[in-house]
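Hello,

Here is the structure you were expecting. My notes on its cavities and aromatic contacts follow below.

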Amino acid sequence: MSNRIVNWFKYASPQSFYPLAGKLIPWFWALAIVFTVAGLYITFFAAPTDFQQGEGYRIIFIHVPAAWMSMFIYIVMAGWAGLGLALNTRLSGMMAQALAPTGAIMAFLSLWTGAFWGKPMWGAWWVWDARLTSALILFFLYIGFIALQAAIDDPRRADKAGAILALVGVVNVPIIYFSVKWWNTLHQGASVSLTKAPTMAATMLWGMLIMALAFWMYSIAVALTRVRAIILEREAHTEWVKDLPEVQGAKQ
Amino acid sequence: MNWESPAAFFAMGGYGLYVWGSFGVCAVLMIVEPILASKRRKDILRSLRRERIAEQLDPQ
Amino acid sequence: MNATLAPILAIIRRDLLLAMRRKSEVLTALFFFIIVVSLFPLGIGPETALLRKIAPGVIWVAALLATMLGLARLFAPDHADGTLEQMVLSPSPLGLLITGKIAAHWITTGLPLVLLAPVLGIQFDLDGGALGIMVVALLLGTPLLSLIGAIGAALTLGLRGGGVLLSLLVLPLYVPALIFGAGAVEAHISGLGAGGHLSLLAALLALAVFFAPWATTAALRIAIE
């Protein structure tokens, strides 16, 4: 048990995490590709045409995973940020910074695919539905986090300030969701509610779960790629970076 | 099999614009983002290598 | 008890004195509020029924924006002349001093908005009951705006483009206050009763009173060190 804790802390330093991430990235890419291929097969070939929504419902197979990931990444990001604030580890802030753009892209994708699903189904690109509105605000929170970190030159201050913002955001997300839902029920006449979703077929559920796994693996792979770049940028003047084979040799 | 012909596959029962509009943008972003992330790493590596060569050429 | 309140009151007194010396800043935010609210009928048209419907939302959005104006200057002058560092070093807990500063910000920007809102509500043909609910909602909501805004002000202290960045960070967090605040008046007008909205607003305020000064203090320490 104690052995495992020691190992864990060993990888908490950027120096030992950098090669570990390099080894893990291809595996996560491989998983992402396998799950994507399986998910796309279910999306387009295994899942039958929906009797109500026709072929348009196939958008759900990427819309729901993107929406899930946008929320999940925000929580993970806030978790890393809080860990960095509590334990003062350098890697945590870098992880939070590496996750933010991926989370913002997921939030954007959930909005984009939601609009492309809503146009044929609801007849409008955008309705002020509780979930859509909360997703939009989540997207704004990501943009705020990225903008704040970009505005601060000192990386240590950027990490800590970003951590506080992420934690304030994570406390606020449920409050925002609840308030938007409350607002939505009061203005019921003006918008369409999606609460009575038709009972989901097993194929559809499987397709969505496998696609969610694909998105998850993709997010890990791309965040690890980005965190490697961030580690190099921040540790550029340390000895271990100068001794890296990528820096020493002509080959990458 | 759901589709009788490739044309039917691309038409998506009249929902082609919406389905391919969603999947297309999703695919583009998921291809561009990793490329940008790894380009960021390659850029910093290139400048680190240049710094190293500059140090070797000019040892104080 | 006295040891807790004394530093807060001292800071409030000091900040109010400073605000009195520089009246123009306070008045600018106030006139901004009045002008923004008065522009809406010009843009939308003078139909009374429509104006009555949009009044709560317009007044609340204008209140959010007017509060934002003062936020950028909440800590900046104290940071520039070194007062903030003295506060960090002072024997009274920093959190209390910050609470005092937030309270002073509310008194100089939030409270005037609350007092002016009924006058602007008359422009929009709101009746007496709705005006009363709006004052109560703003009384609960504007301190919330100052408290949440202070976190953003501390995070962006001394950054380039701080003002714009501040609004980007803070405005999404204002959404619940806007919804419950404007919703209270609307609920009253539509006959549903504003009680639920007002108690939720009060609950949010209680939550923010506990957590916002703490987060602001942490953010300020990071900005200063």
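The largest cavity holds about 110 Å³ of space. A cavity here is a set of points, on a 1 Å grid over the protein atoms alone, where a 1.4 Å probe fits but cannot get out; lining residues have an atom within 4 Å of a point. Points are joined across faces, edges and corners, and a volume is the space filled by probe spheres set on them. Of its 14 lining residues, G84(A), L85(A), G93(A), D159(A) and K160(A) come closest to the centre.

The model is predicted: local features need pLDDT of at least 70, side-chain atom pairs pLDDT 80 or more, while totals for chains, interfaces and linings use all residues. Residues are numbered from 1 along each chain as its sequence is written, chains are lettered from A and ligands numbered from 1 in the order written, and side-chain values use heavy atoms, without hydrogens and water.

The second largest cavity has about 60 Å³. Its lining includes Y74(A), F140(A), L168(C) and P172(C).

Now the rings. There are 13 aromatic pairs over all chains (Phe, Tyr or Trp, six-membered ring for Trp, centres within 6.5 Å; planes under 30 degrees apart are stacked, over 60 edge-to-face, the rest tilted). W125(A) and Y18(B) are tilted, because their planes stand at 55 degrees, with centres 6.0 Å apart. W125(A) is partly exposed at 41% relative accessibility. Y18(B) is buried at 17%. The cut-offs: buried is under 20% relative accessible area, exposed over 50%, partly exposed in between (1.4 Å probe, protein chains only).

Regards

Definitions and conventions: 1 Å grid on protein atoms, 1.4 Å probe; cavity = no way out; pocket = protein on both sides within 12 Å on 5 of 7 lines; lining within 4 Å.
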